[in-house]
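Here is a short briefing for a first look. Please keep the structure in view as you read.

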Amino acid sequence: MVGLEVVAVADGGSLTAGAALARNTLKILLPWQAGHVTAIAAMWGGFEDGDPVAYTSSIVVYVLIAAYAVMCLRGSGRGPHDLLAGSVVRPVGAPATPSPPR
């Protein structure tokens with residue numbers, strides 16, 4: 001719709017099902033669930049009660065924020081989800097090789 005596609009870095013082709021699942025799990029599922037678990041645990045008083053779930057999910061959220069911030073500063077434009085899956089987002093028809101860090 002916006003002229004972008006996600007392709008495998010190795011051959012410029014489609015991602016395997018496993019790579020796509022890993023990419024979307026790290027990009028969408030893990031931050032989504034960790035954020036919701038943290039919010040619900042906080043709402044139920046988990047931080048006041050010393051609930052390990054509240055603290056663990058909060059730590060996961062902040063680690064993810066830090067990881068994404070570091071990846072943005074690296075300059076290649078590939079997030080942890082792309083590095084894990086061996087993928088790159090590119091304009092439709094462009095070469096699959098990721099750009100070198102700036």
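Predicted model: local features only at pLDDT ≥ 70, side-chain atom pairs only at ≥ 80, totals over all residues.

A polar contact is a pair of N or O atoms within 3.5 Å; within protein, one must be able to donate a hydrogen and the other to accept it, and residues adjacent in sequence count only if both atoms are side-chain atoms. Residues are numbered from 1 along each chain as its sequence is written, and side-chain values use heavy atoms, with hydrogens and water left out.

**S87 and D82**

- S87 lies in strand 2, residues 87-91, and D82 in helix 4, residues 80-85. Helices (H or I, at least four residues) and strands (E, at least two) are DSSP runs, numbered from the N terminus.
- S87 counts as buried because its relative accessibility is 0%. Buried means under 20% relative accessible area, exposed over 50%, and partly exposed in between (1.4 Å probe, protein chains only).
- D82 is buried too, at 3%.
- The side chain of S87 makes a polar contact of 2.6 Å with that of D82. Another, of 3.3 Å, links the side chains of S87 and R23.
- Contact means heavy atoms within 4.5 Å. Neighbours within four places in sequence aside, D82 is in contact with R23, S87, V88 and V89.
- V9 is 78 residues from S87 in sequence, yet their C-alpha atoms are 5.1 Å apart.

**Helix 1**

- Helix 1 covers residues 17-43. Its end C-alpha atoms are 37 Å apart, which agrees with the 39 Å that its 27 residues should span at 1.5 Å a residue. The expected span is 1.5 Å times one less than the number of residues.
- A kink of about 45 degrees is centred on T25. The bend at a residue is the angle between axes fitted to the seven residues ending there and the seven starting there.
- R23 is one of the buried residues of helix 1. These buried residues pack against strand 1, helix 2, helix 3, helix 4 and strand 2.
- G45 follows helix 1, with a positive phi near 85 degrees.

**Aromatic pair**

- The structure holds one aromatic pair. F47 and Y55 form it, edge-to-face, at 5.2 Å centre to centre and 90 degrees between the planes.
- Rings of Phe, Tyr and Trp (its six-membered ring) pair if their centres lie within 6.5 Å; planes under 30 degrees apart count as stacked, over 60 as edge-to-face and the rest as tilted.
- F47 is partly exposed at 27%, and Y55 is partly exposed at 39%.
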